[in-house]
Amino acid sequence: MKFITMGCIFLLMAVLVVSGCSAPDDGQKEVSELARDLGIDVVSTSFDDFGAIFCDPNSSSENISILVDEEYKGNFVQWTGIVYAITDNGRSYTVQVKHCQDSLTDAAVTFNINENEAVSKLIKGQEVTYLGRVTRYQNGVGFWVEEAYLVPE
């Protein structure tokens with residue numbers, strides 16, 4: 001009887017492993033070690049969460065603004081985009097980042113001053129993953145991310 005019980009347990013474990021009881025791949029990336037080290041709670045690791053509405057030309061600015069205010073404003077995200085431009089603000093750097101296919105830039109990402117050396121080496125067209133706090137959205141301009149860090153690859 002003991003062997004039958006053990007056999008059933010092993011069979012159940014095998015079925016769970018084969019059936020893939022892990023979470024489905026929904027496009028989410030793993031939260032970076034940097035976020036964990038800083039103790040930052042990340043609400044999104046894939047721009048697709050936000051981009052489905054933000055990048056849709058049929059979405060109204062009011063819908064985007066509501067989404068930003070309700071889901072992202074004040075929260076940290078870890079997103080990847082393409083560097084469009086880099087501005088030295090005198091104290092820190094702001095990087096214009098492209099996420100949507102049909103835009104030049106849609107995010108102004110202002111980095112923590114501790115990131116100055118690394119951010120100054122970014123080049124236009126380079127893929128960049130950042131961790132930062134979404135602070136606001138402005139129609140026709142895009143959204144702002146502040147207190148940002150570069151996420152190492």
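In strand E3 (93-98), Thr94 is the bridge partner of Thr87. The structure is a predicted model in which local features need pLDDT of at least 70 and side-chain atom pairs count only at pLDDT 80 or more, while totals for chains, interfaces and linings use all residues. Residues are numbered from 1 along each chain as its sequence is written, and side-chain values use heavy atoms, with hydrogens and water left out.

**Strand pairing**

Strands (E, at least two residues) and helices (H or I, at least four) are DSSP runs numbered from the N terminus, and two strands pair if DSSP finds at least two bridges between them.

| Pair | Sense | Bridges |
|---|---|---|
| E1 (residues 42-44) and E2 (residues 76-88) | parallel | two bridges |
| E2 and E5 (residues 127-138) | antiparallel | seven bridges |
| E2 and E3 | antiparallel | six bridges |

Within these pairings, Val42 stands opposite Phe76 in E2, and Gln78 stands opposite Leu131 in E5. The hairpin of E2 and E3 has four residues between the strands, and Gly90 there takes a positive phi near 95 degrees.

**The disulfide**

A disulfide is a pair of cysteine sulfur atoms within 2.5 Å; by this rule the count is one. Cys55 and Cys100 form the link, with their sulfur atoms 2.0 Å apart. The link is left-handed, with -75 degrees about the S-S bond. Cys55 lies in the loop between helix H3 (48-54) and helix H4 (61-72), and Cys100 in the loop between E3 and strand E4 (107-111), so the pair ties together parts that are 45 residues apart in sequence.

Buried means under 20% relative accessible area, exposed over 50%, and partly exposed in between (1.4 Å probe, protein chains only). Cys55 counts as partly exposed at 29% relative accessibility, whereas Cys100, at 8%, counts as buried.
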